[in-house]
Every structure is written in structure tokens, then in C-alpha cells.
2 protein chains.
Amino acid sequence: MFQINENYQKLPGSYLFSTIAKKVAAYSSANPDKSIIRLGIGDVTQPIAPAIIEAMHKAVDEMGHAETFHGYAPDLGYEFLRKAIVENDYKARGCEIEADEIFVSDGAKSDSGNIQEIFSENNRIAVCDPVYPVYVDSNVMAGRTGTYDPKTEMWSNVIYMPCTAENNFVPEFPKETPDMIYLCLPNNPTGTTITKSQLQEWVDYANKVGAVIIYDGAYEAYISESDVAHSIYECKGAQTCAIELKSFSKNAGFTGVRLGYTVVPKALKCNGVSLHDMWARRHGTKFNGAPYIVQRAGEAVYSEAGKAQLKDQVAYYMKNAATIKAGLQKAGYTVFGGVNAPYIWLKTPDQMTSWEFFDYLLENANVVGTPGSGFGPSGEGYFRLTAFGSYENTVAALERIKNL
Amino acid sequence: MFQINENYQKLPGSYLFSTIAKKVAAYSSANPDKSIIRLGIGDVTQPIAPAIIEAMHKAVDEMGHAETFHGYAPDLGYEFLRKAIVENDYKARGCEIEADEIFVSDGAKSDSGNIQEIFSENNRIAVCDPVYPVYVDSNVMAGRTGTYDPKTEMWSNVIYMPCTAENNFVPEFPKETPDMIYLCLPNNPTGTTITKSQLQEWVDYANKVGAVIIYDGAYEAYISESDVAHSIYECKGAQTCAIELKSFSKNAGFTGVRLGYTVVPKALKCNGVSLHDMWARRHGTKFNGAPYIVQRAGEAVYSEAGKAQLKDQVAYYMKNAATIKAGLQKAGYTVFGGVNAPYIWLKTPDQMTSWEFFDYLLENANVVGTPGSGFGPSGEGYFRLTAFGSYENTVAALERIKNL
């Protein structure tokens, strides 16, 4: 008889955001009169910018006529989009990345989950703790993480790099040597980041020990400080050790439009084997491209009008971030992040666990946040609020929290 | 140092359609004056139907306003689309499939490639030979296929079920018991299919030996004969042994729009473990939904106007199929398929190999087809032409072939 992938059975509970959704739904149906403000899941609320809407309408029209209809997209994405990406996200920053090193996808979540496939099952991964749960979960499914200890909430074969207030949220080089290092910078969930020179140290370390860095730059658009790198390829030597994942979800509000890309430099090799070729093969075999309409939307992100509109959108969310941060500080909370990222990371008051604080906030302020422990054991005792709500809701949520 | 997934190194050459694209590009650049007609890759040419274009414009507008903006989609797809699928593709045919057994995705290629992930590495797969290459290739990448013999072009741990003119393209139960059986019906590339009662025998066989059937119904819309099943769930007992993959690429021309779905019945279990829960977990962890705009496009496929327009579109392509079939027969070729599928499968003349005939046709008629051997060893000596071109091109291609 057929057998299942037993690794799935090792996954504890369900995916973090599904659990939150269920808890909120239960509270909501028991208390239909309460108006709940959601600052939990990192989903945007502002509409798609006009320049992008215009580009999508145009592309939809093209799809309706035989002469301009587009069928299967080129394997790695349309040239027009890959060129726009390279010009704006790389060449403009002095990074030597070529258009054929860009792989367009349906989003960074897919890429984050799938990228581990091209690596050996025996590789050992290192992750910042806390961090976006997909890195660990996708490696659990692939059988790379050993056994789970429900007490410590840690996997025996994962190297955790704690990022807490104690080390100023800067991961330290692990004692054991990892093969694959996941870095999400600016970090989800803490909203903190590291300087360019600190990132350079990670690149040097990876090249020295022979590790590959999976660099998730989904929140890059929110960087406001000048000594923070917008791409890992701003660091010398990153092309021989790093893969970069990028999303259009947060800089352009594409959570429901779906677009992302991954950079695999041609110089990145393992014993002479090109990882670029491997990822191209994976794309060619298991993926058929992002929709034409969506790739045109991505192109409009880099148009002059698009850039101006999105700058305003990012500023809108960062105003929320500043509002949350200042409001929480005034209410006596200890708060981190919110300067180079749309996330605010707070210490739970009165020694509450993260989930205790989640319930407390949901029941008493009708505000939904995300328990820090959902992102890793070192997230326990912390809590994430996002700046992706509307300004009005953000202000209202802060009022409620202050009045607790 | 980090290591790669060595299974990738076992894959012989590159993906079939990439090879064809390169050959055509080379011929084209050496002979810029020649006008090439492409009946190779299964890509559609007719524009998206008006009812669907209208739905997409409406959805694009919604994305441009805060009140109607849509962020992250529900994990398994929007309810409006899953309901439309269930009503039209299942309930209308007497199949008891519920909306929460439908998983909306970005296309059947992704699902075909990813579905093997939830199964044990030790499972043994059986495939029709010839067949769509993704089933075998994705299992090679996962390490399930053993070693490759370049002489026979077969994998040591894959069970091949030859489908040739000798057995009327009906796969026979294999001598060794498989764990996972891939069935693509109507078949790509042969364009042939089996009757509903023959499919029932496969369902009974799978339930008896404890195998799971991965049923790819991408070409279902082209079925014209009444004794052919439109879904495997028309067969008794399929809910305990079969997963069904469906595409919008061929019935609605979504090759560049990207939409598909997979049915995993709740009754499908392995030692008590629900495969539905596993696939839900896979979706929740590694995928963030198909675009809202595209899911609205999918909904329009099932509208009254959409259904009428798509019926015409399918008829258009099937007229091409009939044209190719009749034309080739007149020219003395032995031809199969084209009745319940948009593919024509021909025996190469004069003992030519499939690739020899590919080159012969490209160079002498400037017509691109697909070598049968690219779909498996039993495809050697056969050749695939698709009905997805324009009618004018199809007629012109047949003229050229007749004049060879």
C-alpha cells in the first residue's frame, strides 16, 4: 500500500495564521457585537496604486485579442519585468546582477518554501529565532530538522540563532556550522534589522564555512536608515554564497495579486554545479510562470508614476508604525522595530506568555495581533503588531490599548 | 559545506519543451526568411473569452479601491470559485464532491509537480508510457525513481505502462504493484482515452492493491464521446483512492492566466491519516493562493455567457483537430487521437525516429511538432501535433505536410 510523507506528521499543530484565524472567528461568532481591529496577519489594506491598475487593465485587454494574447510565459519570467527589476533593484544600487539571474514567481512564500528542494536532505539549517515560520516548516516537511521537543519547541537538527532584546536582535554566528542560513532582513516578526557592515560579516562567514545564505528581503522597501543594505548583493562576495528572495506584497500591496522573484547568481556553485541551473530546472518542471497580467503589474511598480505612488503608500504604513510605536511607549510598553520595517515588536507586560497576551488583547481591546512564540521559541514573551491596517483603525486600536 | 539535491544531477538533458524551443530558435535564426508554424507545445492561441475579460476588468477595478480591495486569499481558494467548480464539474455529473475538497492553485503543472511531496520517498510510481513528462521528472527530483538507463531511457524504479497502437493505447495493470499511479486521461500526448468502464477497473484495482491514483483531467473539456468519464469521481470508490488535477489552461485558454485546482476527497486516507489535511498543510505552508483577479476569471468560466463562449472555443480547436487528422490520413499517415482531445498522435513514416521526424518536419515543412520519444520510451516512432494553432495556420501546416 502507498505510504505518506511521514515528516508531515511531525509538524506540531497547524500553521500559525490559521490558528489565529480560527481563534478570531470563534471570538467573533460568540461576540457578534464587537468590532475587531486586525493588526495580526501581515496583510495590506491600501488599494493597488492607480499606475498599476491602469497597467493591469491594459494587459487584460491584450489578453482579449488574438494579436496581443499571451499564452505560456517564458520559463524565468518576461524580459520586460526582469529588466525593470535588474535596473531598479540592482544596477541602481551598484549590484552586478543580470536579468537572466532573476526568476519571476507567484510570490515569496512559494519561493521560501520551495528553495530548499534544490539542497541535500542532509544539510543543516540555521534560522534566526524568532522568524517567519515557513523556513522551518518547509524543512520539516523535507525531513531536514530532526525531532521536535514540545517542551523547548525546538527541532533537534535546527540551529537557532536567538534574536532578542539582550543581543539587540542581531544574530550571532552559531557554534555549530550550518549549511543553509536563512536571514530575513528587515526581520519578520521583530521589525529590526542589522547594518550593512554586520551583513557583510555574515557574507564573509558564509563564504568561509561554505554555507549558502537564503536572504529574504520582503520588507526592503521599508528601510529608512542609510547604513542598512537593500540587497545582500551590496555586500562583497555575496554572489558566491547567497540567494535573494523578494516580494511585491509589501512594497506594492500585491498580497492578493501574487508576484515575487528570486535571484540565483550564476557564480553560486556547489562543487562546480550551478545552483542557477538547478533552480531553472525546478522552475521549468514544476511551475508555469506568473500570469502575464500580473507581470505587467510588476513592471508598472517600476514606472515613474508607480514609484511615486508606492513611495506614498509605504509612507502611509510607516506613519502607522510610528503611531503604534509612540502610542505603546506612552502606554508603558517596551517596543522594538517599526523604523526599517512595518512591524512593531513589543514585550508582553506582566510576564504574560505571548498567547496569554493574544487572548487578553482580543478579549479586552478587540485587537488582533500575533503571538511572538508563533515565530520561534525566543519569540515567547513578545508580540507583533503590524502597521498594515488603515490609519483610522491603527489610531483606534492604540486608543483601546492605552485604555486597558 | 552545503550540498545539493543530487537527484537533480540524474535528470537527463533538459526539459522537453526547452529543448524544442532552443532547436526552433536556432533554425529560425539561421533561416530568418522562413515562416514557422508551431504545432508543438500545447499552448493555446485563441484570446480569452469576452465574459472572462469582463470579469477580470471588474476584479481589477475592485483591487483599486480600499472598500473592495482583496489581500491574501483564503488558503484553499475563494468560496465563490470553489462553489462554481463543485456545482458545474461535480454535482452536475452526479459526483459527490464538496467545496472544501477543492484546492485552487496557480495551475495543474504546479499541482502535478508538487502532489508527490505528500507521499513517502519509498513509494513506487507507475506511469503511462508515453505521458506528460512532469510526473516522472518531479519524482526523479524527489529521489523516487532509482537509476536511469540511457539505452532504454527508463528509470529502474518506475513502472511503465506502455500505451501504443498494439494495445489501442489502453494501459494494462502492471505486473508489479505500484503505490502511486499517474493517469492522464484524455492522454497527453496520444490524444487517446479509455472508456468509463475501463476507468472503473482502474479504480477497483487501486482500491484493491492500496494504490493512490493521481488523475490528471486537464483535457476533459475535449471529450466528445459519451462513454468517457469527465471526472474519475464518476467511478464508484474513487473517493478512497484518487486525487484529481484540473486545469483551466485548455478549456478556457488560461495558459498565460494561470489557474487550476486539485480535488483531494476527505475519504482518502492512509492508515487513518487524511491526505486532504496533508495537502491543506502543504498549501498553507508553501503557497499563498491564486490571484483574486484570476479566481474571478475562473468564476466567469462557469457563467452562462462564459460556458457558451468556451464551448465555441473548444469547438474551434476540435475543428483543427479534425482537419489535421483527415489531412494526415489523406497524406498516408497512420493517425490516432483527436476525437476526445486536442492532440493528434501519428506514427512517423519510414521508420524515422521521433527526433528525426522533428528535424525533417522543421527543415522541410517549417512545421514544429513534438517528438513522441520526449514523452517516454514507448513514444519513440510517434509524433504529436496540437490543434491549438489558429485554423489558418493549421490548414497551412497541413498543406505543407501534404506537399512533402
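Which residues make up domain 1 and domain 2 in the domain assignment of chain A?

**Figure 1. Two domains of chain A.** This is a predicted model. The domain assignment places residues 13-46 + 307-402 of chain A in domain 1. Residues 53-304 form domain 2. The C-alpha centres of domain 1 of chain A and domain 2 of chain A are 25 Å apart. A UniProt annotation from an unreviewed entry, "domain: Aminotransferase class I/classII large", covers residues 35-401 of chain A.

**Figure 2. The boundary between domain 1 and domain 2 of chain A.** Here 32 residues of domain 1 of chain A are in contact with 43 residues of domain 2 of chain A. The size of an interface is often given as the accessible area lost when the parts come together. Between them, domain 1 and domain 2 of chain A bury about 2,800 Å². Carbon and sulfur atoms carry 58% of that area. The view also takes in 14 residue pairs in polar contact across the interface of domain 1 of chain A and domain 2 of chain A, both residues of each at pLDDT 80 or more. On the side of domain 1 of chain A that touches domain 2 of chain A, at least two residues each come from α10 (304-330), β13 (335-337), β14 (343-347) and β17 (382-386) of chain A. With seven residues, α10(A) gives the most to that side. By class, that side of domain 1 of chain A has 18 nonpolar, 11 polar and three charged residues.

**Figure 3. A salt bridge at the domain boundary.** How many salt bridges are counted between domain 1 of chain A and domain 2 of chain A? The count is one. A:Lys307 and A:Glu304 form a salt bridge, with 3.8 Å between the closest N and O atoms.

**Figure 4. The interface of chain A and chain B.** In this view, 82 residues of chain A are in contact with 82 residues of chain B. Chain A and chain B bury about 6,700 Å² between them. Of this area, 59% is on carbon and sulfur atoms. In chain A, the residues that lose the most area to chain B are A:Phe2, A:Tyr72 and A:Arg281. Together they make up 12% of what that side buries. The rule finds 29 residue pairs in polar contact across the interface of chain A and chain B, both residues of each at pLDDT 80 or more. Several elements of chain A each supply at least two residues of the side that touches chain B, including α1 (7-10), α3 (50-63), α5 (108-114) and α9 (292-301). Which helix supplies the largest share of that side? It is α8(A), with eight residues. By class, the side of chain A that touches chain B has 36 nonpolar, 31 polar and 15 charged residues.

**Figure 5. Salt bridges between chain A and chain B.** Two salt bridges are counted between chain A and chain B. A:Arg281 forms a salt bridge with B:Asp137, and the closest N and O atoms are 3.7 Å apart. B:Arg281 meets A:Asp137 in a salt bridge, also listed at 3.7 Å, N to O. This pair crosses between chains, with B:Arg281 in helix α8 (residues 275-286) of chain B and A:Asp137 in helix α6 of chain A. Over all chains, the count comes to 28 salt bridges.

**Figure 6. Two cis peptide bonds in chain A.** A:Asp129 and A:Pro130 are joined by a cis peptide bond, with omega about 10 degrees. A:Pro130 is in the loop between β3 (125-129) and α6 of chain A. Another cis peptide bond joins A:Leu185 and A:Pro186, with omega about -10 degrees. A:Pro186 is in the loop between β7 (180-184) and α7 (196-209) of chain A.

**Figure 7. Backbone at A:Asn168.** A:Asn168 is a residue other than glycine with a positive phi, near 60 degrees. Where does A:Asn168 lie? The residue is in the loop between β6 (158-162) and β7 of chain A.

Notes:
Residues numbered from 1 in each chain as written. Chains lettered and ligands numbered in written order. Predicted model: local features only at pLDDT ≥ 70, side-chain atom pairs only at ≥ 80, totals over all residues. Heavy atoms only, no water. UniProt positions renumbered as here; feature names shortened; annotations may be inferred. Domains from an automatic or database assignment. Contact = heavy atoms within 4.5 Å. Buried area = accessible area lost by both parts, 1.4 Å probe. Salt bridge = Lys/Arg side-chain N within 4 Å of Asp/Glu carboxyl O. Polar contact = N/O pair within 3.5 Å; in protein donor to acceptor, adjacent residues only side chain to side chain. Helix = DSSP H or I, 4+ residues; strand = E, 2+ residues; numbered from the N terminus. Nonpolar A, V, L, I, M, F, W, Y, C, P; charged D, E, K, R; others polar.
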